[in-house]
Number of protein chains: 2
Amino acid sequence: MARSRDALTHDRVLQAALALADSEGLEALSMRRLGTELGVEAMSLYRHVPNKEALLDAMVDAIVHDWIDDEAVPAADWRGRIAAIMHRAHATLLARPWAIELVTVRPRVGDGRLRYAEAITTALLEAGFTPQLAHHGLHIVDGTVMGFTAQQARRPSAAALGDRVHALYNGDLTADYPGISVTIREHHDHAEEYSLMVDLVIDGLARLRDGLLPPRTGSGASYVLSLA
Amino acid sequence: MARSRDALTHDRVLQAALALADSEGLEALSMRRLGTELGVEAMSLYRHVPNKEALLDAMVDAIVHDWIDDEAVPAADWRGRIAAIMHRAHATLLARPWAIELVTVRPRVGDGRLRYAEAITTALLEAGFTPQLAHHGLHIVDGTVMGFTAQQARRPSAAALGDRVHALYNGDLTADYPGISVTIREHHDHAEEYSLMVDLVIDGLARLRDGLLPPRTGSGASYVLSLA
DNA sequence: GGTGTATGCTTACGCCGTAAACTATGCCAC
DNA sequence: GTGGCATAGTTTACGGCGTAAGCATACACC
């Protein structure tokens, strides 16, 4: 058979998948489509990738991998180092919206993920956090990076919202929603708000370490619902 | 034709969908499967639901709707009220893992969502937050509820992880990952850790309002990547 | 030349959401 | 009653999906 100009490889498949997701979004990424993109039948891809899940995992790892470049983490104190990682991850994820869906939904442990976790953890340990608090802190940082970013990215734009939001803008629902009616006109961009959140989290971690954060709210166990 | 014992209604379809998702997860919820669950052909469902997306949205609204029961929000100060809502939402979501996927990925604005946003916003405004800070605060609270919870729920259990994690437990990777090797043995449950996060966030909001949270990390603009 | 192995193609299976057309039932005005 | 019409559910079918199984080609090495 006439061989294609360039042989298929795992890396070529991965790069094509990244490119396709970048240009047309995750939902356009099917094996058949990816095949035609590479001038090849869908089943040919399975010579280089065990299945689609594995391909998605490889895409995730490609994303997370450069959160911790050697030069990306400055030689600052723990606050600066953690902030730098958080901002870098945020920027990477917002630049590729589909990456958020993949990274948050597929928490596989790869090299990139481990290096990222290690960087956060050592920064906390060196800053005097106990192992237990460092463990919590990693989750808090990770939850903020992944969770807050995802929430930001998926927050519906005012344009895409329904009639009710227009009514809110017009002040027609002030009686029902007085608070939102006041605040809905506030605007700000994601980077700025994320920056605020990063500062809040890092400050909170420091206060946690120093015992300055009195528990006020209890464990919340009383709010557990009995679901029918 | 022999009519089924009970006529199909939008609500019966919705309840069956919730039950199916509860018992077998979101991926089991197909229109065909839902039909057989109700003793009916798949296409019959379309008399009561415009399409599957609308059904999922209805499921989301059913979840979010009881985050703000009238009795659920205690007559406490703003911290207590926000903490109560956050804990209630967290408990609801963790009790139904599939709900996390739906609620975070489908940010449609329904009544439940608005009441939830309103409760948070008014609590902040009454506590003396400026409209701008209240707007940020809503996003911070919402991001924590949705994002941190989602991150917790999807965090892979040690049992489900690969060889590398076992190696970490055994201390075989101490050279490569000294930090994680120390902290990986720490354990805690989700409710406890979430409680910590809630306290951290509420404390941070108060400090934000009072101008006690100095911006330390900059906007992070310098970390924006130029993606190939 | 012959053989082994890697690579890609063809076909097919069982899922999915849902459009379109059809059938069976219940109700109501005449 | 009876004709007409709305409602509820069925049947069939279309185009998509991931991928299992088997076949065809092409190259490397003897």
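## Helix H10 of chain A

Of the 20 residues of H10(A), 15 are buried, so this helix is largely enclosed by the rest of the structure. The model is a predicted one.

Helix H10 of chain A covers residues 190-209. After H10(A) comes A:Gly211, which has a positive phi, near 70°.

## Packing of H4 against H7 in chain A

Helix H4 (residues 78-95) and helix H7 (residues 131-154), both of chain A, have axes that come within 10 Å and cross at roughly 30°. Because angles under 35 degrees count as roughly parallel, H4(A) is roughly parallel to H7(A). The crossing of the two helices is right-handed.

On the side of H4(A), the contact is made by A:Ile82, A:Met86, A:Ala89, A:His90, A:Leu93 and A:Leu94. H7(A) contributes A:Val141, A:Thr144, A:Val145, A:Thr149, A:Gln152 and A:Ala153. By class, eight residues of this contact are nonpolar and four are polar, while no charged residues take part.

## Arg115 of chain B

In chain B, B:Arg115 lies in helix H6, which comprises residues 111-126. The relative accessible area of B:Arg115 is 29%, and the residue is therefore partly exposed, since the buried class requires a value under 20% and the exposed class one over 50%.

B:Arg115 and B:Trp67 are 48 residues apart along the chain, and their C-alpha atoms are separated by 8.8 Å.

Note on methods. Residues numbered from 1 in each chain as written. Chains lettered and ligands numbered in written order. Predicted model: local features only at pLDDT ≥ 70, side-chain atom pairs only at ≥ 80, totals over all residues. Heavy atoms only, no water. Axes fitted to C-alpha atoms, helices over the stretch in contact; angles between N-to-C directions. Helix = DSSP H or I, 4+ residues; strand = E, 2+ residues; numbered from the N terminus. Parallel < 35°, antiparallel > 145°, perpendicular 65-115°, else oblique. Left-handed = near helix turned anticlockwise from the far one by under 90°. Contact = heavy atoms within 4.5 Å. Nonpolar A, V, L, I, M, F, W, Y, C, P; charged D, E, K, R; others polar. Buried < 20%, exposed > 50% of the residue type's maximum accessible area, 1.4 Å probe, protein only. Expected span 1.5 Å × (residues − 1).
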